[in-house]
Amino acid sequence: MLGAVLALSALGLLVAGSAAYALQRGDINADMDNSLERNFLEFESLLETGLDPTTREDFTEAGELIFVAMQRTLPAPNEGMLGTQNGEAVLLANPAVQVRLEDDPELVDYVTSQADPTRVSITSITTTETTYRALIIPVQLAADTSPSQYVLAFDARAEHGQLNQTFATFAMISFGTLVFIGVVGWLLVGNLLMPIRLLRDTAEHIGDSDLSERIPVSGNDDLSDLTRTVNAMLERLEGSFTSQRQLLDDVGHELRTPITIVQGHLELQDSRDPADVAAVRGIALDELDRMRLLVDDLVTLAGITRPDFVRLELVAVGRLTDEILDKARPLGARRWTIDARAETSCLLDPRRITQAWLQLVVNAVKFSGDGSTIAVGSRLDHAGLSLWVRDEGIGVPEEDQGRIFERFARGVRGRRTEGSGLGLTIVNAIAGAHGGIVQLKSAPGNGSTFTMVLPLNDQSDKSEEVRA
């Protein structure tokens, strides 16, 4: 990129400098030709109207005409003049004139021997000394037939010298400008491409075991947007890989025990004893059923990072509360009731919320006795939508309340109960997928209340709670 910028800049300076140089050089050449043409017109006017100062009559001698013309001409700083007769430079310019044409024998030889003696010409003459832009006027009068020439010539190299010096300075400034552009461009391009280098370095450092590294973001340009997009992609990849590792760890940890149990019983059973075969079959079926439940729960947890894990729709919360109670009644011989019903509509995933709410109900049945009260309820307030299950069971000790939502964690009093140990983890994941949390209020011997608190959204219908 920097090379392309420098190449374009150099090309632009070269084109601009060359065009300006050509235009200026053309102007200088045109000025020299215009000056020579004016001198010819003055000479022609002198020839037509002038008088010989010696005889006071028309000019009869070519030398005298050339001499008078030279007296009346004021040469430019890089201009010289002379008069020739019979092949020799006989008339010389005033000593104050710096360009001495007579000192260049090649010029004198060209004028006297090579120039056309019959016509006036403006031509360029190159010698070993320099290059001239010369006006050559053949002079031949009726009374004087000797070959004579009147020569006015600019030292073209000297005329172009100041221009060449100016553009030599321009070339040096242009080179300095390119160096400056290169330094500043290096810094700017390096700063602009830094996110790409960081992206490359980060990609090189990322491995299968560590996806935690992120690219620093600064600014609001396109590269910053790219960096944010890549960081978001890394977040998703890290979440997916973490979920996969967690799933593999959970499967390896939890399925090893039932597999070992089934394998051990099958190896030790007496295939000739029908009673032993029936007993082993029952144990194997129980363990396989527990493995199926465990796999279902693990699949649910593995999907929480998917964007379509929850699919929101407008749900009538009051009617959902009644449906939860109806579905809960067959789960146990309890006194089922509704504490409160929120007559409102909210954006929820009814399938996932029903799954989590019923899991709380199953948990309440598991840790409460027959005939005890289990209540469900819903409420809408400033904190959001609250969905709860209240029981009169054994309660959860304070030291267990912070860990029972972890995978495969059970409280001290729940170690002998059936289940995968993932129920409350799934409830917590579903609430989190809705942007909410799960709260627990419990004390040993006084029952427990598990509450999912879900935030409101713009499309929720803020209606009043209705007591049951």
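Here is a friendly chat about a predicted model of a protein chain.

Biologist: Let's begin with the overview: how many helices and strands does the secondary structure of the protein chain come to?
Modeller: The model is a predicted one, so we are reading a computed picture. Buried residues make up 38% of the 468 residues in the chain. As for the secondary structure, the count is 10 helices and 13 strands.

Biologist: Among contacts between residues at least 6 apart in sequence, what share joins residues at least 24 apart?
Modeller: A contact here means heavy atoms within 4.5 Å. Taking the contacts between residues at least 6 apart in sequence, the share that joins residues at least 24 apart is 63%.

Biologist: Now to helix 1: how far apart are its end C-alpha atoms?
Modeller: Helix 1 covers residues 2-49, which is 48 residues. At 1.5 Å a residue, the helix should span 70 Å. The model agrees with that expectation, because the end C-alpha atoms are apart by 70 Å.

Biologist: Is S35 buried or exposed?
Modeller: S35 lies in helix 1, and S35 touches E79 and F154, leaving aside residues up to four places away in sequence. Its relative accessible area is 13%. Buried means under 20%, so S35 counts as buried.

Biologist: Which residue in strand 2 is the bridge partner of T84?
Modeller: Strand 1 (residues 79-85) and strand 2 (residues 88-92) pair in the antiparallel sense over 4 bridges. In the hairpin they form, 2 residues sit between the strands, and N86 takes a positive phi near 55°. For T84, the bridge partner in strand 2 is A89.

Biologist: How many salt bridges does the structure hold?
Modeller: Side chains of opposite charge can pair when their charged atoms come close. One example is E102 with R100, where the closest N and O atoms are 2.9 Å apart. E102 itself is partly exposed, with a relative accessible area of 21%. The number of salt bridges in the structure is 7.

Biologist: R228 and D225 are 3 residues apart in helix 5, so what separation is that in helical turns?
Modeller: The side chains of R228 and D225 meet in a salt bridge at 3.1 Å, N to O. R228 is partly exposed at 35% relative accessible area, and D225 is partly exposed too, at 38%. Because they are 3 residues apart in helix 5 (residues 222-254), the separation is about one helical turn.

Biologist: How many residues apart in sequence are the parts that D339 and R390 tie together?
Modeller: The side chains of D339 and R390 meet in a salt bridge, 2.8 Å from N to O. D339 lies in strand 7 (residues 335-342) and R390 in strand 10 (residues 384-391), so the pair ties together parts whose separation in sequence is 51 residues.

Methods. Residues numbered from 1 in each chain as written. Predicted model: local features only at pLDDT ≥ 70, side-chain atom pairs only at ≥ 80, totals over all residues. Heavy atoms only, no water. Expected span 1.5 Å × (residues − 1). Pairing = 2+ DSSP bridges. Buried < 20%, exposed > 50% of the residue type's maximum accessible area, 1.4 Å probe, protein only. Salt bridge = Lys/Arg side-chain N within 4 Å of Asp/Glu carboxyl O.
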